[in-house]
2 protein chains.
Amino acid sequence: MYRWGDPSRAATLPDAVRGLLASVLDLPEPRPPVPVVALPPAALPGRCLRALEESGARVRTDDAARLSHAAGKSTVDLLRLRAGVAADAPDAVVEPADHEQVVAVLRACDANRIAVVAFGGGTSVVGGLRARRDGYAGLVALDLARLDRLLDLDPVSRTATFEAGVRAPRAEELLATRGFTLGHFPQSFEYATLGGFAATRSSGQASAGYGRFDQMVVGLRVATPTGTLHLGRAPHSAAGPDLRQLLLGSEGVFGIITEVTVQIRPTPAARRYLGWRFSDFATATEATRALAQDGPLPAVLRCSDEVETAVNAMGAGGDDSGGCLMITGLEGTEERVAATETALTDRLTGLGGRPLGPEPGRAWLRDRFAAPYLRDALLDAGVLVETVETAAFWSALPGTYPAVRDALATALAGRDTPALVWCHISHVYPSGASLYFTVLAAQAADPVAQWGAAKAAAGDAIAATGATISHHHGIGRDHLPWYGAEIGPQATAVLRGVKDVLDPHGVLNPGILLG
Amino acid sequence: MYRWGDPSRAATLPDAVRGLLASVLDLPEPRPPVPVVALPPAALPGRCLRALEESGARVRTDDAARLSHAAGKSTVDLLRLRAGVAADAPDAVVEPADHEQVVAVLRACDANRIAVVAFGGGTSVVGGLRARRDGYAGLVALDLARLDRLLDLDPVSRTATFEAGVRAPRAEELLATRGFTLGHFPQSFEYATLGGFAATRSSGQASAGYGRFDQMVVGLRVATPTGTLHLGRAPHSAAGPDLRQLLLGSEGVFGIITEVTVQIRPTPAARRYLGWRFSDFATATEATRALAQDGPLPAVLRCSDEVETAVNAMGAGGDDSGGCLMITGLEGTEERVAATETALTDRLTGLGGRPLGPEPGRAWLRDRFAAPYLRDALLDAGVLVETVETAAFWSALPGTYPAVRDALATALAGRDTPALVWCHISHVYPSGASLYFTVLAAQAADPVAQWGAAKAAAGDAIAATGATISHHHGIGRDHLPWYGAEIGPQATAVLRGVKDVLDPHGVLNPGILLG
């Protein structure tokens, strides 16, 4: 539980990489996890357990269940568990089987002042699973894994309604049998759920072509302690505010999303992923902006800075010709992909790009869900590794990029050793783009505190340059220090007002999003 | 004030059309407006006027000002004024010059319990200007016309920030000098304001290419009685709910939008509008869906049913070859438009379309803002003329279309004469489309009641077939009978909760949207 995913797929660091890291970063001794994680005693009174059981949902209080819901997957989450600390473990795990049982669970929690933390794939990296429990009878994880059905597929409107606990690979599998895809591939793809995507405004790696998850959502069904919301009557509507957009990104504090209706697309017949080299990140960024604003726009468009490009080249065995790597992924009909490739090649070569052919794209596709496995191996080796992401308007991006990079580098540099920081543009829009930073440093004696200081510096740099504190990870607890200032006191009051209506006793995800 | 727009552009009905309508619809005697409209006495106490004046805003109580803010532009609004009734006229018109003055006006209204109706271009067709005044010290129209500046243009991010009172043609003019366009051309284009577009979720005729107005909005500044909201930190963000989408479509009940930041685009170098004929509306609808889902997607895509096609052909002088007319408008670079035209021609001919060349597109472009002028001439001639719009998923559309059409036709048919009802698909999305109905009938003795019955029948048909009560006109007062059921009691409670936070004394647009 303090590692990512499937144990059989655990990564090992090649000796050369380990040696290089050791020499560059001045690593401490290896830091394997402690063998036993201490669970706090389960605190939920018997009457609460009985009330939960009356909902019809399965209620588990065994250690394995509690431990597997004790934390998300941020580096800090893992570091805490690796140190044997599971202070945030819920007292029980509640597993409803359908929307009605979710409603009944929420009523029981509301009536008995039981705090509820919503649990989808458990992949939050912003402390989204660390709900507060003080002042409550106890804390339960509401695990939506049993809400795993495809409820409806409308091939004419190209929409599909899933229960919220369906994991992304299962959704793709169910859609593929009917010739469709959702096209949402975030790094958490293999474990995250559709409900989680909706609750946190997830963005997938093919967002340029398929859109952010919040743009794919056509409808939502949401259980709250005071009743059910059913939103999304038409493709688009002028019938008042778009309340789907109030629930998307609400991170479980207003209600539990139980059903998600999404736009689907035909499975692309052709996929062509190509690499491009640019002389430097500024030139590559301008080329990325050109595609985002005037096209042709690939389904996948990402662009690494010089350091990330060099690190990737090292991993791939040493094509160290410098500059910056751009990956473009075209998807669609054979004919459209071919036509777009021609136009794209014209455009990018005109913008200073040198075509690298399909190999960089192949390598990226192969490894695109592997980073979390690599992180575990790095943590074992005494490396502190984490990511930071943001988004800004194009005109602000040249200020945000060095400010965040330098803030991280400065905060994590050792006395005589640097921290390694690199970045790529991961999602693009006509008005701006997101930046995704990765940082490696030698673990200090207290790596949690070490990261806390670096994160604070990065968050302050993001805020100071006018960017958003999160483009696609969400707020959780980790981004709260910046969230209030980003949206302002009136917006904060609006969110609290909505909370008071839907969850008047505040049992949903206390401490998350609203602080 | 009971006519649309510029008096010098008033339309006259060709004798042939008048004769045809008279024979088909069995028209009554011509119905010119009464010469004098009666204004109720201005009721605002002196202390309220003084409080408003202290805001720094200009305050007008003259009859001309009150009368020009007495109603919107629905047929019912016009019928009432034509009958000499201006019961909804505000007691005063308040004209602030900037955001701070709007804030001060709202504070004065809040402190003195003065109801405020937000006034942009005054083009609401859903009773959006008929705020309630009972229980208030009086009612003032807050006219945003003096907030008329372009505050910022960021050519790199392609965004522009306008004050909310800027009218659409002025916005285009200001952008054109810098080589940009907004691309938002609703039928109200010539008079409506950017703030009004945002407050009502307007959709323009080129929405397939440029998006709905709510999709163009990058940022909003909103004055409320309790403070200011400033929303839109980044192109997209996962930092909580998207509160822009809570203010978009809020129709002035949460606050007054004072600034709008929008995505802009380069002025297209080439425009090519083409007509296509299909055998029938079902085939044309399928072709429209094919373009919306798989492209190539023109900037403008509209598709008339058989009756609308025949009526248009009559107006154009008689190309009565039957079937259904589709208009496609391509905009962009010369090269892209040419390539898209080739692909579009391939696609549409494969789907049963016969190319009609540029003439139908030219005719449509020429007349596209003329319909409101024609309505005045029809009302003079004793014709009842109005429009109804909705949107539905593609799979529901074949049910919604005949249901609404037949509801209108049945409700408005005379004893021996039909009502004329026609329709076009006006806006398309991958999951569905909007339907825009136009209806002509002989005016009854009480045309307001006559339309009320027809509107009720149409609204019920829309609701019964699962469509939305408004795709782009908004809720106002006219759509309230269906709005609550469409969004449900929980969503209604959420809206009231937000209202309580931002406008605790309920002075903003009482009776609008929230009933």
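In this predicted model, 78 residues of chain A are in contact with 78 residues of chain B. The area buried between the two chains is about 5,600 Å², and carbon and sulfur atoms give 59% of that area. Three residues, Arg233(A), His236(A) and Gln490(A), supply 14% of the area that chain A buries against chain B, more than any other three residues.

**Polar and charged pairs across the interface**

- Between chain A and chain B, 44 residue pairs are in polar contact.
- The interface of chain A and chain B also holds two salt bridges.
- One salt bridge joins the side chains of Arg158(A) and Asp294(B), with a distance of 2.8 Å from N to O.

**The side of chain A that touches chain B**

- Several helices and strands of chain A each supply at least two residues to this side, among them the strands β8 (217-224), β9 (227-231), β16 (383-393) and β18 (432-442).
- Helix α18(A) gives the most to the side of chain A that touches chain B, with 12 residues.
- By residue type, this side of chain A divides into 37 nonpolar, 30 polar and 11 charged residues.

**Asp214(A)**

- Asp214(A) is found in helix α9 of chain A, which covers residues 213-216.
- The relative accessible area of Asp214(A) is 5%, so this residue is buried, the cut-off being under 20%.
- The side chain of Asp214(A) makes a polar contact of 2.7 Å with the side chain of Arg201(A).
- A further polar contact, of 3.0 Å, links the side chains of Asp214(A) and Arg212(A).
- Leaving aside neighbours within four places in sequence, Asp214(A) is in contact with Arg201(A), Ser202(A), Gln245(A) and Leu248(A).

**Arg375(A)**

- An unreviewed UniProt entry carries the annotation "binding site" for Arg375(A).
- Arg375(A) lies in helix α15 of chain A, which covers residues 371-380.
- Arg375(A) counts as buried because its relative accessibility is 10%, where buried means under 20%.
- Not counting residues up to four places away in sequence, Arg375(A) touches Lys73(A), Ser74(A), Thr75(A), Leu78(A), Val385(A) and Glu386(A).
- With Thr75(A), one of these residues, the contact includes a polar contact of 3.2 Å between the two side chains.

Methods:
Residues numbered from 1 in each chain as written. Chains lettered and ligands numbered in written order. Predicted model: local features only at pLDDT ≥ 70, side-chain atom pairs only at ≥ 80, totals over all residues. Heavy atoms only, no water. Contact = heavy atoms within 4.5 Å. Buried area = accessible area lost by both parts, 1.4 Å probe. Salt bridge = Lys/Arg side-chain N within 4 Å of Asp/Glu carboxyl O. Polar contact = N/O pair within 3.5 Å; in protein donor to acceptor, adjacent residues only side chain to side chain. Helix = DSSP H or I, 4+ residues; strand = E, 2+ residues; numbered from the N terminus. Nonpolar A, V, L, I, M, F, W, Y, C, P; charged D, E, K, R; others polar. Buried < 20%, exposed > 50% of the residue type's maximum accessible area, 1.4 Å probe, protein only. UniProt positions renumbered as here; feature names shortened; annotations may be inferred.
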